Amino acid sequence: MELAYPIEISPSYLEVLNSIEAFVRGQVTSLLKPVVESWQPSDFLPDMASENWADSISKFRERAKALPDDLLVVLVGDMITEEALPSYQSWLNRLKGVIDYSGADESGWALWSRGWTAEENRHGDLLNKYLYLTGRVNMRSVETTIHHLITNGFNPQTENNPYLGFIYTSFQERATKISHRNVATLAAKAGEDHLQKICGMIAGDEARHEKAYKLFMTKIFEVDPVNALQAFAKMLKTKIVMPASLMHDGNDEHLFAKFSNVAQRIGVYTAYDYAEIIEDLVSHWNISGMTSLSGVASKAQDYICSLSDRYKKLADRIKFPPKEKFSWIYDREA
Ligand SMILES: [Fe+2]
Ligand SMILES: [Fe+2]
């Protein structure tokens, strides 16, 4: 289905963002966790300063042997995605009205973007160290992939527009929450309760971030409903690209597609999840309940409300290619 109208989002979004800045500043402390109450990666890793460090590492590695290769591949892909945080922070800081001019601004948006980055920074850190210590992953290949990914960049086609940007992050935080939660469940199934705990903690952060971005958009919908609606339609039409879609290990041209296939096959993140996220956002922002819309806006509303079902039907038809080799796990197949 083509969206047969051009969408231009009014530059008044700058005024809108300014008008809700104080609200955001008031929410930051409850949407982010105080540092003193926050978990840190070392809470979940063997203590290298303790006398029995060697023993803790053997136990740690023994537990990690339980992970099947396909779950390992998905965990590596998730970790690489988290490790490209420099790209996401600089992207967030380019959104108009959100920019942290000095690097230590006190505006609500600046406080949010730095606090969010600081929380996210622990995700890649913890998963990276976890995977390194398992001894089951070709770390050089994984690190090369991170290096390429950050070099290649991240372009979700949000045009530095904060409406498109916050719709994108609302979607993506929910997607990462789902993905980490599913890895946690599969880790428990495999008998690796420790990884279940780790991914559960990370998913908890993503859930708070999802709540925050959805709240920012709720405020934008309140102040500027029609432009917010148009932005939502535009973002869905563009399709929500995955943040790590430009990953590359130096050899494998299809690495991201292969990683996505494994995630889909083992049920960590599926086409059905994509549809469910749209459904959730549509209901959260009460898109179907919006009234008194012009012809163009009402077309955008119809388009948005029909999408989830369309994607669900497409999801039913997806077939998966057979297992393939990954350099991340020494060319074993997953
Ligand atoms: Fe994260
Ligand atoms: Fe996140």
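Q: Hi! Which residues lie nearest the centre of the largest pocket, and how many line it?
A: Hi there! In this predicted model, the largest pocket has a lining of 31 residues, and those nearest its centre are Met242, Ser260, Tyr269, Thr270 and Tyr274.

Q: Which elements give two or more residues to that lining?
A: For the largest pocket, these are α4, α8, α11, α12 and α13. The largest share comes from α11, with 7 residues.

Q: And how much space lies in the largest pocket?
A: About 630 Å³. By class, its lining has 19 nonpolar, 9 polar and 3 charged residues.

Q: What about the second largest pocket, what volume does it have?
A: That one has a volume of about 210 Å³. Its lining includes Val28, Thr29, Leu32, Gly115, Ala118 and Arg122. Two elements give two or more residues to this lining, α2 (21-31) and α6, and α6 has the largest share with 4 residues.

Q: Where in the chain are Glu82 and Glu120?
A: Glu82 is in helix α4 (residues 69-83) and Glu120 is in helix α6 (residues 108-134).

Q: How far apart are the iron ion (ligand 2) and the iron ion (ligand 1), and which residue coordinates both?
A: The two iron ions are 3.4 Å apart, and Glu120 coordinates both. Another link between distant parts of the chain is the pair of Glu120 in helix α6 and Glu206 in helix α9, 86 residues apart. Glu206 is buried, and Glu120 is too.

Q: Is Val142 buried or exposed?
A: Val142 counts as buried because its relative accessible area is 0%. Leaving out residues up to four places away in sequence, Val142 touches Val76, Met79, Ile80, Val137 and Trp328.

Q: How far is the C-alpha atom of Val142 from that of Gly77?
A: The separation is 8.8 Å, and the two residues are 65 residues apart along the chain.

Q: Let's switch to cavities. How many of 30 Å³ or more does the structure hold?
A: It holds 2. In the largest cavity there is about 210 Å³ of space.

Q: What lines the largest cavity?
A: Its lining has 15 residues, and Tyr88, Trp116, Gln172, Glu173 and Pro243 lie nearest the centre. The elements giving two or more residues to this lining are α4, α5 (85-92), α6 and α8. Among these, α8 gives the most, with 5 residues. Sorted by class, the lining has 7 nonpolar, 4 polar and 4 charged residues.

Q: And what volume does the second largest cavity have?
A: About 30 Å³. Among the residues that line it are Lys258, Asn261, Pro321 and Phe326. Helix α11 (residues 255-265) gives the largest share of that lining, 4 residues. The lining's classes are 5 nonpolar, 1 polar and 3 charged residues.

Q: Last one: what about helix α10, how many residues does it have?
A: Helix α10 (residues 225-238) has 14 residues. From its first C-alpha to its last it reaches 20 Å, close to the 20 Å expected at 1.5 Å a residue. Its buried residues include Asn227, Leu229, Phe232 and Met235.

Q: What covers the buried residues of α10?
A: The cover includes α8 (162-190), α9 (193-223), α12 (271-284) and α13 (295-316).

Q: And what follows α10?
A: Lys239 does, and its phi is positive, near 80°.

Note on methods
Residues numbered from 1 in each chain as written. Chains lettered and ligands numbered in written order. Predicted model: local features only at pLDDT ≥ 70, side-chain atom pairs only at ≥ 80, totals over all residues. Heavy atoms only, no water. Expected span 1.5 Å × (residues − 1). Buried < 20%, exposed > 50% of the residue type's maximum accessible area, 1.4 Å probe, protein only. Contact = heavy atoms within 4.5 Å. Donors = N, O, S within 2.8 Å, 3.2 Å for Na, K, Ca; no water. 1 Å grid on protein atoms, 1.4 Å probe; cavity = no way out; pocket = protein on both sides within 12 Å on 5 of 7 lines; lining within 4 Å. Points joined across faces, edges and corners; volume = space filled by probe spheres on them. Nonpolar A, V, L, I, M, F, W, Y, C, P; charged D, E, K, R; others polar.
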